[in-house]
Amino acid sequence: MKLTLKIWRQKNSKAKGELKTYPIDGIEGDMSFLEMLDVLNEELINKGEEPVVFDHDCREGICGACSLQINGEPHGPDRLVTTCQLHMRMFNDGDTIVIEPFRAKAFPVIKDLVVDRTSFERIQQAGGYVSVNTSGNTIDANAIPVNKQDADDSFNAATCIGCGACVAACKNASAMLFTSAKVSQFALLPQGKVEATERVLNMVAQMDKEGFGNCTNTGACEIECPKGISLENIARMNREYLSASLKG
Ligand code: SF4
Ligand code: FES
């Protein structure tokens, strides 16, 4: 395949970025999107030009490091896959592909296609954990029975990889889907009940402090989420928040 890439280039967080055009040839359908960028970078390095900086780690859809807004969609045109799992067979010979970083005030661009997503880590640190008794008297987790449906729903919420596509897809740059997944995975389990009140209040407060927008029930986040995190989690977080506020 012969393609035309229009890639966002930005020297640093302060610099003004712009889309630059790169023609590329010899791309095969079996290559992943990131392998296609590897080919481009090899060509740029051989020409003595600066390679395009982009985030990646596992390249297996697990870590959430890869991002990229591809032709206006977070993680590109396929569904339930991350950018690293996206294959070039989703594109046609002669296509023009526009590649940009995830756009949100709370995800400032560091360089080229890499954004700073530490705002997500700060939301997680505000309450996305359970305290455990490490005194030697720890209760075996299996000693507490958990309803099968709750266990399944909790597990599904826990599959959120913190990639940020939900924020990039949202017209308000809301982080409600991410935060609600992190709240839900504990809210559904007995182990998470102990700190439930502070958890939801603190995580939502941190989310607002980071500058993420509000949810207006558009649902774009659910469609673009590579892990199929459901909007039901947002409804659950709203219920948790209401009951925590009444207690507080
Ligand atoms: S909810 Fe989905 S889109 Fe948002 S961070 Fe988690 S995995 Fe990514
Ligand atoms: S590089 Fe880890 S999810 Fe894409």
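**Around the ligand**

Trainee: How many residues surround ligand 1, and which are the closest?
Mentor: There are 14 residues around ligand 1. The closest are Cys160, Cys163, Ala165, Cys166 and Cys225. Keep in mind that this is a predicted model.

Trainee: Which helices each supply at least two residues of that shell?
Mentor: Helix 4 and helix 5 do. The largest share comes from helix 5, with three residues.

Trainee: And how does the shell around ligand 1 divide into nonpolar, polar and charged?
Mentor: It has 11 nonpolar residues, two polar and one charged.

Trainee: What sits in the loop between helix 4 and helix 5?
Mentor: Ala173 is found there, with helix 4 covering 165-169 and helix 5 covering 176-187. Its phi is near 50°, a positive value in a residue other than glycine.

Trainee: Why point that out?
Mentor: Most residues other than glycine have a negative phi.

Trainee: Is Ala173 buried or exposed?
Mentor: Buried, because 20 other C-beta atoms lie within 10 Å of Ala173. The cut-off for buried is 20 or more.

Trainee: Where else is there a positive phi in a residue other than glycine?
Mentor: At Asp112, where phi is near 45°. Asp112 lies in the loop between strand 6 (109-111) and strand 7 (114-115).

Trainee: Why does Asp112 count as buried?
Mentor: Asp112 counts as buried because it has 23 C-beta neighbours inside 10 Å.

Trainee: New topic. Which residues of helix 2 are buried?
Mentor: Helix 2 runs over residues 118-125, and its buried residues are Ser119, Phe120 and Ile123. They cover an arc of only 105° around the axis, so they are on the same side of helix 2.

Trainee: What covers them?
Mentor: The cover over the buried residues of helix 2 includes helix 5 and helix 7 (196-209).

Trainee: How do the axes of helix 5 and helix 7 cross?
Mentor: At roughly 175°, and the axes come within 10 Å. That angle makes helix 5 roughly antiparallel to helix 7.

Trainee: Which residues make that contact?
Mentor: From helix 5, they are Thr179, Lys182, Val183, Phe186 and Ala187. From helix 7, they are Ala196, Arg199, Val200, Met203, Val204 and Met207.

Trainee: What about the classes in the contact of helix 5 with helix 7?
Mentor: Eight residues are nonpolar, one is polar and two are charged.

Methods
Residues are numbered from 1 along each chain as its sequence is written. Chains are lettered from A and ligands numbered from 1 in the order in which they are written. This is a predicted model: local features need pLDDT of at least 70, side-chain atom pairs count only at pLDDT 80 or more; totals for chains, interfaces and linings use all residues. Helices (H or I, at least four residues) and strands (E, at least two) are DSSP runs, numbered from the N terminus. A residue is buried if 20 or more other C-beta atoms lie within 10 Å of its own, exposed if 12 or fewer, and partly exposed in between; C-beta atoms are placed from the backbone. A residue is near a molecule or strand if its C-beta atom, placed from the backbone, lies within 6 Å of it. Ala, Val, Leu, Ile, Met, Phe, Trp, Tyr, Cys and Pro count as nonpolar, Asp, Glu, Lys and Arg as charged, and the others, Gly among them, as polar. The arc is that of the directions from the helix axis to the C-beta atoms. Two residues are in contact if their C-beta atoms, placed from the backbone, lie within 7 Å. Axes are lines fitted to C-alpha atoms, for helices over the stretch in contact, and angles run from 0 to 180 degrees between N-to-C directions. Angles under 35 degrees count as roughly parallel, over 145 as roughly antiparallel, 65 to 115 as roughly perpendicular and the rest as oblique.
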